[in-house]
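Please keep the structure open while going through the points.

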Amino acid sequence: MVNFKIEKLSFSYPGQENKALSNISLEINQGEFIVVCGKSGSGKSTLLRMLKPELSPKGKTEGIISFFGKGAEDFSLRDSAEKIGFLLQNTEYQAVTHSVRSELAFGLENLGLSSKLIRLRIAELSAYFSLEGIIDKKISELSGGQKQLVCLAGLVAMHPKVIILDEPTSQLDPMAAQTFLDTARRLCRENGMTVILTEHRLENVIPAADRVIVLEEGEIISDTSPELVSTELFLSNEFVNRSMPVQMRLHASLSLDGKAPLTVAQGQRMLVSLVGYEPEITVPEREKALCVSDETALEVKNLCYAYDNSGYVLKGLNLTVKKGSFFALMGANAAGKTTALSLMSGILESKSGKINILGRSLKKYKRSELYNGTVSVLPQKCESLFAGNTVREDLENILKYENKNKEEKENLIAEVSRFTEIEGLLDRHPYDISGGEMQRAALALVLLRNPKILFLDEPTKGMDNLFKNRFALKIKELCKRGVTVIMVSHDTEFCAEYCDECAMIFDGMCALQKNRYDFFAHNYFYTTAANKIAREIFPLAVTERQVLELCKANQQG
Amino acid sequence: MQSKSARLTILSVLLFLVLAPLTLMLSAKYLDSRSYYIPAVIIILLSVIPFFVFFENRKIKSSEIVIVSMMIALAVASRAVFAFVPQFKPTCAIVIVTAIAFGPNVGFVTGSLSMLVSNLIFGQGMFTPFQMLGMGLVGFFCGLIFTKSRYRTDKLIVSITGALLCFGVYGLIADTCSVLMFVTDYTRESVMSIFASGIPYNAIHAVTTGIILFFINKPMTDKFTRLRVKYGVFEIEN
Amino acid sequence: MGTGFKGMHPASTFVFFVFTFVFSMLTSHPLLLGISFFCAFIYDVKLRGKRVVSYFFTALLPLSVLIALFNFLFSHYGVTVLFEIRGIDFTLESLIYGLIFSVKTTATLLWLDCFNEIVTGDKIIYLFGRVSPKLALVVSMVLRFIPLIRAQSEDIANAERGIGIATESGKLRGRLRSTARRLSVLVSWTLERGIDTSDSMSARGYGLRGRTSYNSYVFSVRDAAVLILSVFATIAGMFVNSSLTASYNPKTEIDLPDAFSLVLMLFLAFIMLLPIITDLREERKWSISKLKS
């Protein structure tokens, strides 16, 4: 059965010249698992929203969309509510009611089902999604992953034919993201639901997909099976080049024939068939960190912290961070990473332990001195920084009480906005710009404080690989200027690629602190996909580039 | 639809007009125990119903229901933001700015529900119905006075009016509850002494509300205007 | 959900508490008030344990003294003058009635304490939803947003501290300005992201005709029994109250109960003890089934 049939669809937002979607023709059939990808601003979200009449943006539309064989006019809102489920990326704001039970019932109430029937559906759902442990909880007591799963369950309760997921895991940590995607896959495989999904973290979804649609500037540039995407587009398209899973990228960069490997296991086999089990060269070359000096920027000794009587979050943390380095603090959920960051940046006050910043005890800094030219923190949720009607207003507000004349302030703002590439956004409302742009604006705001040590809390959440790359280059540039950057992150790939040193918090202590290569090469689960693929053959290779170079070296030899 | 809603609202107003005096008469006649709390609560419930019926039956977009809920939640929860200025309670000020932006009916609902929910969290007390009516009426009057007035953006006028309403309407109604709880013999001096003892507290509440209003009226109005333009919410208030 | 009386249908528990409130507020007969006070007190202790004792001594008792004192000072009816100051009579009747009134208030507040324990937020939303589904939805949404807003205000405070623009001490004006900024950030954040909530609602068909409202409560025979008994008890209470005179003005006259009133009183006491009986029976059932297994 055909779910959607789109013919020559073009769309532009009111008041904008260029088309958000142009000339799209597409047919989506029942039971397909479709991944829609493309860099941010390529029209993914717009396309997805066009498939859900209640959420379709208003603007100039050309072409035809038919839903389940009906034209758009004949497809009522009730049909749409019953047949098409739509999940957004914002985990916090899409739950409507206060308890899990009422959240599951919400859609069914709207459809007018009786209490008895709703009770039955909830019972069924709670078994399928294993919600037994949380069914009587309040939404606010759930973790992000659980919230998103409950929202999905709330959609599935309505027995839709299609579920559309708009970057559903961008706010989740890797484990929760995996659980969520597994559930979505199961709905497709076991119950024949059509799943249409956009994602920025393609590693996990590509292997599960039946079809991958790549968008660029509102046009479909590829609509094919996952094995073929990378071979078709690898050289021509920067997004595909950067974002596909490592095994596929290796396959394409080595210009091998045949189908690309989709999973890590297939990647391992590919590597073995290429260089055998015992190649000659196995030690990869390492990039030297350029800007790290021998001076210590931050030293943490025996840091302990507890929020209340429920036990210590940190139990004697020790860390040393070199000046000018890009340092990553990693660890599982609730391991105390963010607490450590708050303590090191002086947001929280430590009760025991020592923190030295640039050779001086944190306690000896006055607040005005600490945050004016020494330390600055980029919070995880950038919304927490914007109050004004324009970005400029918020930037100016930061400098309001500093002893500088108007010209100096303007120059400072101009410089920072040039660096973060937000010059064009200064007169826009902070909530009219995209998430990525808002993050850059937040970085600008934080940099106005002219920090010597910059703290970042999970900055790569919700970024696609292209953007991560640009972001990392900016950070590296800061490091070159002598700024020490300390980041809390879950993102193994990003840390392995760009950080100078990594540390892992476990059990309230620092379990491991090493340079990025040694850090990841000795982990089994907590490591990069490139390392997982290559570990039997090149145990020390951590990044994709290293694996690639080793392969090439052995082939030539 | 609209006529049904109008009919129901008129019906509930009539119900109030008939039943409220009846309650008064009956309790005057049969209640020799001088406990007027229960009749008072009955009259309050009767007076609240028309507002709720009107809200229940008006057509309201999902974005509007979200905004109303959010403003109520802010009225209750933003106390956390005011941790460093103790004595300052933002609830009344937030109800007032909501009422000014979205009109008397939404104002009433915001006011009364924020008191209900606040008590839902901290435990219901004997004051609940009185607080609901009091705060609801503050919202209602502010909506009535300012929504269509050009003074809505005037910091000073809004904060003074807000403070006066907070003192006169909310304070008076909440203190009525104390009167009913304390007084058994309704002489002028006993009743007045209760109201007088409430004055310092109410005055602080009113003045702080006025000050908060002075600070937040402009930014809040800007934000609401933006929402109205961007999402087309609450275009017609009737 | 809860077991025992707490597990009963919200309508039944609500009507029960309406009965206790109305009865305690309307009666002035010391015997009837005593029954109400006693039942409320032991049930509250059953529900909340030791905390009730401290609640009683730190809040209820001072309040009672205050009420009695206030009444004694401001009411001057009655025939038995205790003493006279500057031509104002202080009477025994006003003292007694003051005490009666304070017991009345205390009993009501104790019942209210039980009410808060039994009739939880979910039940109030349900009851509200019977009258007005849309307002019940609003209340439920408000309860969703409150923890969210609290978490966000914490985030905002930390973000401000992290760039050193938080003014948390010093002059009031500075603190106020800082607070106003925080509120401004909070409101923008909440309202702007709220569009996602609204999208999520429309995507799930909010606004379609014929919305129902779901509840997970089942109305059993037991619930019906409690409901009907509570209604009967209200009527019986009114009847006893009007048949037994308890007057304090101009002089104290209190009827002793006749046989019929005594029977009704026993009935009322039984109803007021119903919650605790239900709970104790349930607990016994559990402990027996545990022993057996």
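The points below concern a predicted model, and they take up the nonpolar cores, the chain interfaces and selected charged residues.

1. The largest nonpolar core. This core has 211 residues, and Phe52(B), Leu113(B) and Phe17(C) are the members that touch the most others. Helix H6 of chain C, residues 133–162, supplies the largest share, 14 residues. Apart from this core lies another one of 60 residues, which includes Ile135(A), Leu172(A), Val229(A) and Ala260(A).

2. The surroundings of Phe17(C). Once neighbours within four places in sequence are left aside, Phe17(C) is in contact with Phe5(C), Trp111(C), Cys114(C), Phe115(C), Ile118(C) and Val119(C).

3. The interface of chains B and C. Here 68 residues of chain B are in contact with 68 residues of chain C. The two chains bury about 6,000 Å² between them, and 76% of that area is on carbon and sulfur atoms. On the side of chain B that touches chain C, the residues comprise 46 nonpolar, 14 polar and eight charged. Two salt bridges are found across this interface, together with eleven residue pairs in polar contact, both residues being at pLDDT 80 or more.

4. Elements of chain B that face chain C. Helices H2 (37–57), H3 (62–77), H5 (104–122), H7 (155–182) and H8 (188–231) of chain B each contribute at least two residues to the side that touches chain C. The largest share, 15 residues, comes from H8(B).

5. The interface of chains A and C. In this case 60 residues of chain A are in contact with 51 residues of chain C. About 4,900 Å² is buried between chain A and chain C, with 56% of it on carbon and sulfur atoms. Tyr93(A), His98(A) and Tyr431(A) supply 16% of the area that chain A buries against chain C, more than any other three residues. Between these chains there are six salt bridges and 27 residue pairs in polar contact, again with both residues at pLDDT 80 or more. One salt bridge joins the side chains of Glu383(A) and Arg193(C), at 2.8 Å from N to O.

6. Elements of chain A that face chain C. Two or more residues each are given to this side by several elements of chain A, among them helix H2 (77–83), strand E6 (84–87), helix H4 (115–128) and helix H16 (435–447). H3(A) gives the most, with ten residues. By class, this side of chain A has 33 nonpolar, 14 polar and 13 charged residues.

7. Arg226(B) and its two partners. Arg226(B) forms a salt bridge with Glu192(C), in which the closest N and O atoms are 2.6 Å apart. Arg226(B) also forms a salt bridge with Asp432(A), with the closest N and O atoms 3.1 Å apart. The latter pair joins two chains, because Arg226(B) lies in helix H8 of chain B and Asp432(A) in the loop between helix H15 (406–419) and H16 of chain A. Arg226(B) counts as buried at 15% relative accessibility, whereas Asp432(A) is partly exposed, at 33%.

8. A salt bridge within chain A. How far apart in sequence are the parts that Glu32(A) and Arg211(A) tie together? The side chains of these two residues meet in a salt bridge of 3.0 Å, N to O. Glu32(A) lies in the loop between strand E2 (21–29) and strand E3 (33–37), and Arg211(A) lies in strand E9 (residues 211–216), so the pair ties together parts that are 179 residues apart in sequence. Both are buried: Glu32(A) has a relative accessible area of 15%, and Arg211(A) one of 12%.

9. Charged residues of chain C. The side chains of Glu160(C) and Arg182(C) meet in a salt bridge, 2.7 Å from N to O. Glu160(C) lies in helix H6 and Arg182(C) in helix H7 (residues 172–203), so this pair ties together parts that are 22 residues apart in sequence. Glu160(C) and Arg182(C) are buried. A network of salt bridges links Glu160(C), Arg161(C), Glu168(C), Arg181(C) and Arg182(C).

10. A buried lysine. Lys104(C) is found in helix H4 of chain C, residues 92–118. Is Lys104(C) buried or exposed? Lys104(C) has a relative accessible area of 1%, and therefore counts as buried. The side chain of Lys104(C) is joined to that of Ser28(C) by a polar contact of 3.3 Å.

Methods
Residues are numbered from 1 along each chain as its sequence is written. Chains are lettered from A and ligands numbered from 1 in the order in which they are written. This is a predicted model: local features need pLDDT of at least 70, side-chain atom pairs count only at pLDDT 80 or more; totals for chains, interfaces and linings use all residues. Side-chain values use heavy atoms; hydrogens and water are left out. A nonpolar core is a set of buried Ala, Val, Leu, Ile, Met, Phe, Trp, Tyr and Cys residues joined through side-chain atoms within 4.5 Å. Buried means under 20% relative accessible area, exposed over 50%, partly exposed in between (1.4 Å probe, protein chains only). Helices (H or I, at least four residues) and strands (E, at least two) are DSSP runs, numbered from the N terminus. Contact means heavy atoms within 4.5 Å. Buried area is the accessible area (1.4 Å probe) that two parts lose on being put together, summed over both. A salt bridge is a side-chain nitrogen of Lys or Arg within 4 Å of a carboxyl oxygen of Asp or Glu. A polar contact is a pair of N or O atoms within 3.5 Å; within protein, one must be able to donate a hydrogen and the other to accept it, and residues adjacent in sequence count only if both atoms are side-chain atoms. Ala, Val, Leu, Ile, Met, Phe, Trp, Tyr, Cys and Pro count as nonpolar, Asp, Glu, Lys and Arg as charged, and the others, Gly among them, as polar.
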